[in-house]
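Colleague: I would like to go through how some of the labels for this model were reached. Please show it first.

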Amino acid sequence: MADTIAITLPDGKVLEQPKGVNLGELARTIAISLGKKALGAVVDGKTLDLQRDLTANASVKFVTEADPQALDIIRHSCAHLMAQAVKRLFPEAQFGVGPVIENGFYYDMKLPRQLEPADLEKIEAEMKKAAGEDFKVTRKEMPRPDALAWADERHDPFKRELIEGFPPGDAITFYSQGEFTDLCTGPHVPSTGRIKHFKLLSIAGAYWRGDEKRPMLQRIYGTAFVDAKSLEEHLKAREEAVKRDHRKLGKELGLFMFHPLAPASPFFLPKGALLYNGLITYLRGLYREFGYQEVVTPQIFASELWKISGHYDNYRENMYFTTAEEREFGVKPMNCPGHALMFGSRIRSYRELPLRFADFGRLHRFERSGVVSGLTRVRSFSQDDGHTFLAPEMIGEEIERCFLLQRRIYKDLGLSEPTILVGTRPEKSIGSDEIWKRAEALLFEALKKLGQAHVLNPGDGAFYGPKLDFQVRDALGRAWQLATIQLDFNMAERFDLHFSAQDGTNQRPVVIHRAILGSLERFIGVYLEHTGGHFPLWLAPVQMKVLPVMTDVVPYAKSVADRLEKAGFRVEVDERQEKIGAMIRDGALEKIPYLLVVGAREKEGGTVAVRDHKSGDQGAIALDAFIVKAQEQVGRRE
RNA sequence: GCUGCCGUGGCUCAGUGGUAGAGCACGUCCUUGGUAAGGACGAGGCCGUGGGUUCAAUCCCCACCGGCAGCUCCA
């Protein structure tokens with residue numbers, strides 16, 4: 001009985017097999033077709049190669065192209081295939097790491113010369129060749145000294161470093177395909193012929209081990225899919241994403257611009273300013289509802305403030321400084337210290353709490369030149385910033401309030417669900433264990449109460465308290481933090497803030513920092529990509545444009561625009577002597593929600609022929625009726 | 001900041017060691033047109049900036065400025 005094992009299949013069937021049965025053979029035993037289709041197997045929850053043997057009872061599910069694990073296996077093997085091709089073309093190549101990432105894979109390598117885009121095609125061609133040779137992929141374990149010898153023999157210091165980093169007792173595994181062998185834990189496809197649908201995408205630099213003090217390697221990004229259609233779709237989606245790039249849309253729609261004399265600092269053009277201020281007006285309405293009081297605070301503070309707040313020690317290299325009358329001043333990178341000064345400017349009572357300050361103040365941060373990008377990472381911006389000063393027992397309720405505000409705003413703006421990251425206590429932190437535990441528990445409680453999905457990000461809290469970050473992705477799949485809710489047990493201490501509690505004692509307030517859109521700039525960037533520039537009626541910089549069919553009706557078009565303006569809409573009239581088709585085309589390209597065509601017929605009947613940017617020609621409707629409908633639509637924030 | 005790439009009319013982009021082109025946009029004129037581009041003519045460029053190589057540089061080299069991708073960073 002020791003020489004057989006029981007294998008449980010996904011359908012519950014149990015197979016008795018000799019001990020040491022090979023997974024590939026097992027697949028063929030179950031069905032010839034499965035033997036052909038299988039790429040690997042999930043054994044007791046772990047994904048393994050088909051060449052592995054089973055020595056104990058196990059539950060086994062074979063991975064075919066239909067399974068989600070297939071993609072990872074294929075991509076990882078594709079990274080190896082790429083390395084094999086590179087090694088053929090550049091025998092001196094040294095390799096770093098080549099992992100699977102969200103939409104593909106990459107491999108870092110040191111090459112004798114800089115790669116050019118044309119090289120990708122050559123490498124790809126070589127990959128196709130190696131795949132066509134359909135090498136069997138074999139796994140073998142090596143003792144540590146042999147593994148190190150292998151790395152040295154290949155003159156591959158990076159691999160050597162990786163091997164040295166492994167725990168001494170562990171088996172070190174290698175995978176070979178044809179003439180190529182690589183250090184790897186696998187799993188991999190059974191043979192290179194199984195990798196069919198792939199594409200190399202880009203070349204970039206990347207520091208060895210992500211450390212900017214270590215050498216920079218060349219990184220090739222690529223992707224692979226199980227079938228041609230998925231690959232095609234993915235490549236197409238990438239192209240589409242480029243069309244939605246907010247920098248392109250912002251230029252095309254005349255929303256904002258940049259100038260070399262103010263690097264990384266957006267200029268909002270009239271239409272962009274309408275959008276910007278429209279968002280602020282909207283937020284102000286909510287602030288009244290949610291109990292925030294807006295304040296206006298200085299732009300520049302004496303450096304003493306930044307020494308109190310800790311920015312001078314921790315954040316100085318990201319700040320702008322100036323000296324006047326021999327006194328050093330710093331431009332604010334954040335609003336919180338200013339708010340702390342306001343809170344501390346007089347004796348505070350528990351009756352005033354929670355005290356909520358909101359601030360749209362302009363912030364400046366010196367971001368390193370390589371990190372700035374469009375509206376998503378800028379040096380001059382404004383946040384929908386708010387700080388609540390409150391007694392510790394109010395934290396739970398206040399967090400919930402922040403959540404309600406966030407949900408309301410994201411719903412009104414039609415944003416997709418953000419990923420919520422919970423940053424818990426980092427290694428370097430201040431405050432007692434008790435208060436941290438309590439604060440973290442309160443965050444989790446609020447998440448639970450509201451049924452919010454979230455991801456744990458252990459140790460990612462601020463040094464002064466735990467936080468929630470709300471992440472969304474831009475058109476190119478890059479993640480951006482928009483909202484944040486942070487608990488702060490530090491500020492009251494540093495600024496010596498206190499309030500008179502009900503029992504007559506002085507107590508330290510806790511501070512909650514929160515921003516819902518994050519920065520207006522970044523939000524507009526992400527929102528542009530989210531909407532593709534098709535803003536809802538209530539936010540559109542130009543909500544409607546009146547198009548006269550011929551010059552005779554321009555006066556009527558103007559009177560229509562006048563009525564609409566009086567009804568509160570942002571309207572333009574196309575007075576060019578163009579054909580109606582051209583006006584419609586241009587209006588559509590400007591992504592204006594409503595185009596109102598007026599000719600003799602409309603003038604006669606006091607109507608407008610409505611063209612909805614989503615559904616096209618809607619026919620004529622009385623102007624009054626249109627105004628009512630549009631106002632209702634604005635009210636619904638559609 | 002690091003690695004690489006890029007910088008030509010307002011925009012999108014061709015192009016060449018002998019001081020420049022297209023389409024769109026713009027202007028004028030013609031056209032009075034009904035749901036995604038009517039026509040003709042015209043104006044518009046220190047070819048990012050500064051050095052160098054050369055008889056000659058928008059083109060080659062260097063530096064700087066700005067942008068893009070990735071890395072690192074985002075208290």
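Modeller: What follows takes a few labels in turn and sets values against cut-offs. Keep in mind that this is a predicted model.

Colleague: What does chain A contain, and how many of its residues count as buried?

Modeller: Chain A has 20 helices and 37 strands. Of its 638 residues, 35% count as buried. The C-alpha atoms fill a box of roughly 85 × 75 × 55 Å along the principal axes.

Colleague: Why is glycine 525 called buried?

Modeller: Glycine 525 has 27 C-beta neighbours inside 10 Å. The label needs 20 or more, so glycine 525 counts as buried.

Colleague: Where does glycine 525 sit, and which residues does it touch?

Modeller: Glycine 525 is in helix 16, residues 520–531. Leaving out residues up to four places away in sequence, it touches His246, Gly374, Leu375 and Thr376.

Colleague: What makes helix 3 roughly perpendicular to helix 4?

Modeller: Helix 3 (residues 68–89) and helix 4 (residues 117–132) pack at about 110°, with their axes 8 Å apart. Angles of 65 to 115 degrees count as roughly perpendicular, so helix 3 gets that label against helix 4. The crossing is right-handed.

Colleague: Which residues of the two helices meet?

Modeller: From helix 3, the residues are Leu81, Met82, Gln84, Ala85, Val86, Arg88 and Leu89. They meet Lys122, Ile123, Glu126, Met127, Ala130 and Ala131 of helix 4. The residues of this contact divide into nine nonpolar, one polar and three charged.

Technical notes:
Residues are numbered from 1 along each chain as its sequence is written. Chains are lettered from A and ligands numbered from 1 in the order in which they are written. This is a predicted model: local features need pLDDT of at least 70, side-chain atom pairs count only at pLDDT 80 or more; totals for chains, interfaces and linings use all residues. Helices (H or I, at least four residues) and strands (E, at least two) are DSSP runs, numbered from the N terminus. A residue is buried if 20 or more other C-beta atoms lie within 10 Å of its own, exposed if 12 or fewer, and partly exposed in between; C-beta atoms are placed from the backbone. Two residues are in contact if their C-beta atoms, placed from the backbone, lie within 7 Å. Axes are lines fitted to C-alpha atoms, for helices over the stretch in contact, and angles run from 0 to 180 degrees between N-to-C directions. Angles under 35 degrees count as roughly parallel, over 145 as roughly antiparallel, 65 to 115 as roughly perpendicular and the rest as oblique. A crossing is left-handed if the near helix is turned anticlockwise from the far one by less than a right angle, and right-handed if clockwise. Ala, Val, Leu, Ile, Met, Phe, Trp, Tyr, Cys and Pro count as nonpolar, Asp, Glu, Lys and Arg as charged, and the others, Gly among them, as polar.
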